[in-house]
Amino acid sequence: MVDTDKQRIMDIVDEKKDEFIAASDHIWETPETRFTVPKSVEQHYQLLEKEGFKIQKGVGGMDYAYIATYGSGKPEIGITGEYDALGNSSQEAGNPKRKPVVDGGPGQACGHNLLGMGAVGAAVAIKTFMEEKGMPGTIKLFGCPAEESGYGKAFLARAGVFDGLDAVFTWHPQDVGGMVACATLAVMQANFSFKGIAAHASSAPEQGRDALDAATLMTVGVQFLREHVIEEARIHYAYLDSGGESANVVHPTAKLYFFVRAPKLSQAKDIYERVVNIAKGAALMTGTEMSIDFDSACADYLPNHPLTEMMDKNLRLVGPLHLTDEEEKFERALTSNNAPSIKQNVIARNKAAFPEKSDEEIKRISEAGVCPEISPIVYTTSTKGIGSTDVGDVSWCAPTAQFAYACEPQGCSPHTWEWVANGKSSVAHKGLINSCKILALTIYDALTDPELLKQAHDAWVKDLNGEHYESVIPPETQPHG
């Protein structure tokens, strides 16, 4: 039997769901990347202003970051939402075959149109309920651009906007449902530019100083470094400038974009400093000049156990998606693009998640277009197969919990065109609305259970282990791009 208050919260979401779905679809249709997301954030503003939230725009030095607030006093509950897209992932909606809308264009390949509007929907629903009941407390919705690369939440954390919150909640679309209870990798990223001297590569090579040589030597040096860093570390890069298209010119410029990841921010910082020394050495060897444009960084994630366990109860109360035959057919068409090895990985993942189930049940689960089961909570510090998220910075500033909701094609990785194709489907819409409910129900629990918040705070202090959040983004580095 569902609690009367919780049923009312879910009913509010259903009453307003068409607005949330329409806004999510608009964001899908205008994909924007990094910090320049005016069209995407406008959908948030329109809904929140209509609902009477006070909106502070341009927070943390970012034009399109915001804080939408309702209520006053304690407790103060935060929600984070995202809306940025990814480059070179454009795809026609509803098409299970690769067909970009714009060749090389951006697309919502990580479901942030759903993620952000799920946060908005939850904030609207709980605000409406609080008004009806005259409940005390403060709701703060944080609009966060650039999760995919620039890490907007890290800049917000540097500005101190999460300090003093009693709890923070968020979610993410995924191809499997369950609580995010694992650690993530901290990351530091920067651009390394080399400036040389141009010359004719045949008649006067001695007059030149080759920036491309310097960049190449840097990447070679990093390859040797890999043998001497911790196993969990990841270092990857891209050439942003390879010096031009002429082979008979000593290249006067070259530019590399580096990511350095490790389980802890302190570890990533140490490895990053070694990468910087390699860049200095490459410049010294080639007689070129090297400069660094630090881009951003984000911390590892600290899952708060009491909040995670409470959120898990609401995830199971709402439950997984129930698809129509037509919806299942579409999702299976998307999963048919998966290689045989990926399909085997899905089976292995489901066996590990549900060891009590028979082989026949595992086969049924693994062949479904969207995973029909909710995974149990597994707390782990292992970062194998894990990426990075700026929710990590939030978790160092306040007790934080997040869940993944299965509304993406099973086995299809985030950052793929299949997720873009799915982004306006009825399956994605169902996932959006259910996630609004899960978030809103969890916020209700936080507002009405002081003991839960005390346990969450105590667990958070213990997890910090005497450390405190300190941004590694240099003060002079501002959000850009």
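User: Before we start, what do I need to know about the model and its numbering?
Analyst: This is a predicted model, where local features need pLDDT of at least 70, side-chain atom pairs count only at pLDDT 80 or more, and totals for chains, interfaces and linings use all residues. Side-chain values use heavy atoms, with hydrogens and water left out, and residues are numbered from 1 along each chain as its sequence is written.

User: Happy to begin with helix 2. How far apart are its end C-alpha atoms?
Analyst: Helices (H or I, at least four residues) and strands (E, at least two) are DSSP runs, numbered from the N terminus. The expected span of a helix is 1.5 Å times one less than its number of residues. Helix 2 (residues 38-50) has 13 residues, so the span should be 18 Å, and the distance between its end C-alpha atoms agrees: 18 Å.

User: Which residues of helix 2 are buried?
Analyst: Buried means under 20% relative accessible area, exposed over 50%, and partly exposed in between (1.4 Å probe, protein chains only). The cover over the buried residues of helix 2 includes helix 1 (4-29), strand 1 (54-57), strand 2 (66-72), helix 3 (112-133) and strand 4 (137-144). The buried residues themselves are Ser40, Val41, Gln43, His44, Tyr45, Leu47 and Leu48.

User: How is helix 1 oriented to helix 2: roughly parallel or roughly antiparallel?
Analyst: Axes are lines fitted to C-alpha atoms, for helices over the stretch in contact, and angles run from 0 to 180 degrees between N-to-C directions. Angles under 35 degrees count as roughly parallel, over 145 as roughly antiparallel, 65 to 115 as roughly perpendicular and the rest as oblique. Helix 1 and helix 2 pack at about 160 degrees with their axes 8 Å apart. That makes helix 1, relative to helix 2, roughly antiparallel.

User: Which residues of helix 1 and helix 2 make that contact?
Analyst: Contact means heavy atoms within 4.5 Å. From helix 1 come Glu19, Phe20, Ala23, His26 and Ile27, and from helix 2 come Ser40, Gln43, His44, Leu47 and Lys50.

User: How do the residues of the contact of helix 1 with helix 2 divide?
Analyst: Ala, Val, Leu, Ile, Met, Phe, Trp, Tyr, Cys and Pro count as nonpolar, Asp, Glu, Lys and Arg as charged, and the others, Gly among them, as polar. On that basis, the contact of helix 1 with helix 2 divides into four nonpolar, four polar and two charged.

User: Moving along, what does the packing angle make helix 5 relative to helix 6?
Analyst: Helix 5 (residues 211-225) and helix 6 (residues 265-286) have axes 8 Å apart and pack at an angle of about 140 degrees. That makes helix 5, relative to helix 6, oblique.

User: How many nonpolar residues are in the contact of helix 5 with helix 6?
Analyst: Helix 5 brings residues including Leu217, Met218 and Val222, while helix 6 brings residues including Ile271, Val275 and Ile278. Beside two polar and two charged residues, the nonpolar count is eleven.

User: And at what angle do helix 9 and helix 10 cross?
Analyst: In this pair, Val346, Ile347, Asn350 and Lys351 of helix 9 meet Asp359, Ile362, Ile365 and Ser366 of helix 10. Helix 9 and helix 10 are therefore oblique to each other. Their axes come within 9 Å and cross at roughly 125 degrees.

User: Is alanine 146 buried or exposed?
Analyst: Alanine 146 sits in the loop between strand 4 and helix 4 (152-158), and has a positive phi of about 60 degrees although it is not a glycine. Its relative accessible area is 0%, so alanine 146 is buried.

User: What about asparagine 88, buried or exposed?
Analyst: Asparagine 88 lies in the loop between strand 3 and helix 3, and also has a positive phi, of about 55 degrees, without being a glycine. With a relative accessible area of 56%, asparagine 88 is exposed.

User: Which residues does the cis peptide bond join?
Analyst: Most residues other than glycine have a negative phi, and most peptide bonds are trans. Here a cis bond, with omega of about -5 degrees, joins lysine 74 and proline 75.

User: Last one: which residues does serine 375 contact, leaving aside neighbours within four places in sequence?
Analyst: Serine 375 is in the loop between helix 10 (359-367) and helix 11 (391-397). At 14% relative accessibility, serine 375 counts as buried. Its contacts are Val176, Gly177, Gly178, Arg316, Ala353 and Phe354.
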